[in-house]
Amino acid sequence: MKIGIPRALLYYQYYRVWKTFFTTLGAEVVLSDKTTKDILDNGVVATVNDACLPLKVFHGAVINLIGKVDYIFIPRLKSVAKGEYICPKFCGLPDMVRYSVKNLPPIIDTEVNIRKKPRQLYKAFLSAGLYITKDKNLIKLAYHKALFENALFIEKLEKGNALLDVLANKKSTNKKGELTVAVLGHKYNVYDQYVNMNLFENLTKNNVSVITAENISDKICNDYAAKLPKKVFWSFARKLIGAANHLAKENIVDGVIYIMSFGCGIDSFVADICERTLRKNKTPFFLMMIDEHSGQGGFNTRLEAFLDMIKWRRKDDLDISPYGERVYIGKDAI
Ligand code: SF4
């Protein structure tokens with residue numbers, strides 16, 4: 001039996017978990033192709049008008065799997081951590097796809113909601129597993145293997161490996177560049193090379209080493225997020241806000257790039273909180289807003305300007321405050 005997994009949205013978070021689970025049950029996992037202009041264009045045509053870019057990519061990825069698989073796995077994700085939510089778009093995703101895309105194979109739309117009871121997670125895996133086999137012992141085994149795989153995945157990321165390398169079972173080289181920049185944002189924006197307009201390649205070419213929120217441990221992010229006056233109840237936002245606070249406090253990067261989808265309600269808060277946090281610490285911040293009309297040329301120019309600004313600040317104008325509090329040139333104060 002072939003299970004299709006769209007290479008979009010939470011593929012970047014849970015692919016290793018889903019793949020381990022389904023292959024342990026004896027199914028073959030088929031991934032959609034990497035995002036291309038055609039995939040995005042198909043998604044744009046199929047999706048409702050006010051959808052964000054990642055949803056459009058997701059619809060395109062689903063269309064890419066039609067005719068290649070027996071089922072498409074589109075879980076209905078309501079909550080992935082106790083007491084927290086994720087973006088409501090994930091909750092309606094299977095329905096949105098059913099409504100918008102024609103000639104679909106059956107969808108495995110198991111519901112994941114562990115907001116009140118983390119034990120519900122096994123029920124979610126059980127309901128997905130029953131599409132493949134009636135053997136509940138095998139499903140339980142696959143569930144435990146999947147959780148173990150998830151722990152390994154997180155451990156590798158927290159050791160500094162790049163997420164795309166871990167997904168591809170490759171070792172990261174971790175070469176130290178002239179500058180270090182953190183790239184923050186939802187994983188499907190940060191790691192989809194088409195969506196991020198080859199940001200990582202571009203940074204490497206410019207001798208910049210990159211860290212992402214995934215390279216900072218959950219514990220550190222959670223501890224910083226817990227210091228905020230109000231609980232952050234969106235799971236992925238907690239990680240990003242915690243990471244921004246950590247970067248600001250520890251001063252370990254030369255700048256931060258935040259990738260945000262146009263029209264994303266959650267990011268309109270989260271990117272703003274991250275920006276304010278980092279600006280307080282005078283960390284250069286570049287908000288990269290993306291949608292299906294974003295162009296490579298304009299983006300490259302803005303990125304180069306951002307990197308030049310950081311380099312000039314380090315080299316000649318180390319003490320020039322961009323915030324107007326006080327101005328120094330070299331050692332001589334004005
Ligand atoms: S969090 Fe934002 S970018 Fe992600 S699915 Fe929701 S609206 Fe789209």
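Student: Which residue forms a salt bridge with aspartate 218, and how far apart are the closest N and O atoms?
Tutor: Aspartate 218 pairs with lysine 239, and the closest N and O atoms are 2.7 Å apart. A salt bridge here is a side-chain nitrogen of Lys or Arg within 4 Å of a carboxyl oxygen of Asp or Glu. This is a predicted model, in which local features need pLDDT of at least 70, side-chain atom pairs count only at pLDDT 80 or more, and totals for chains, interfaces and linings use all residues. Residues are numbered from 1 along each chain as its sequence is written, and side-chain values use heavy atoms, with hydrogens and water left out.

Student: Which helices hold aspartate 218 and lysine 239?
Tutor: Aspartate 218 is in helix α11 (residues 218-226) and lysine 239 is in helix α12, 21 residues apart. Helices (H or I, at least four residues) and strands (E, at least two) are DSSP runs, numbered from the N terminus.

Student: Is lysine 239 buried or exposed?
Tutor: Lysine 239 counts as buried, at 14% relative accessibility. Buried means under 20% relative accessible area, exposed over 50%, and partly exposed in between, with a 1.4 Å probe and protein chains only. Aspartate 218 is partly exposed, with a relative accessible area of 32%.

Student: How many salt bridges are there in the whole structure?
Tutor: A search of the whole structure finds 18 salt bridges. One of them joins arginine 76 to aspartate 95, with the closest N and O atoms 2.8 Å apart. Because arginine 76 lies in strand β4 (residues 76-79) and aspartate 95 in helix α5, the pair ties together parts that are 19 residues apart in sequence.

Student: And which residues are linked with Arg76 in a network?
Tutor: Arg76, Asp95, Arg98 and Asp109 are linked in a network of salt bridges. Arginine 76 is buried, with a relative accessible area of 15%, whereas aspartate 95 is partly exposed at 38%.

Student: What does lysine 78 pair with?
Tutor: Lysine 78 forms a salt bridge with glutamate 111, and the closest N and O atoms are 3.3 Å apart. Lysine 78 lies in strand β4 and glutamate 111 in strand β6, so the pair ties together parts that are 33 residues apart in sequence. Lysine 78 counts as partly exposed at 28% relative accessibility, and glutamate 111 is also partly exposed, at 38%.

Student: New topic: how many helices and strands are in the chain?
Tutor: The chain has 14 helices and twelve strands. Buried residues make up 51% of its 334 residues. The C-alpha atoms fill a box of roughly 75 × 40 × 35 Å, taken along the principal axes.

Student: Which residues have a positive phi although they are not glycine?
Tutor: Asparagine 169, with a phi of about 60°, is one of them, and asparagine 251, with about 55°, is another. Most residues other than glycine have a negative phi.

Student: Where do asparagine 169 and asparagine 251 lie?
Tutor: Asparagine 169 is in the loop between α8 (163-167) and β7 (179-185), and it counts as exposed at 61% relative accessibility. Asparagine 251 is in the loop between α12 (235-250) and β9 (255-261), and it counts as exposed at 54%.

Student: One last point: how far is leucine 104 from glycine 67?
Tutor: Leucine 104 and glycine 67 are 37 residues apart in sequence and 8.3 Å apart in space, C-alpha to C-alpha. Leucine 104 is found in the loop between α5 (93-100) and β5 (107-108), and it is partly exposed, with a relative accessible area of 24%.
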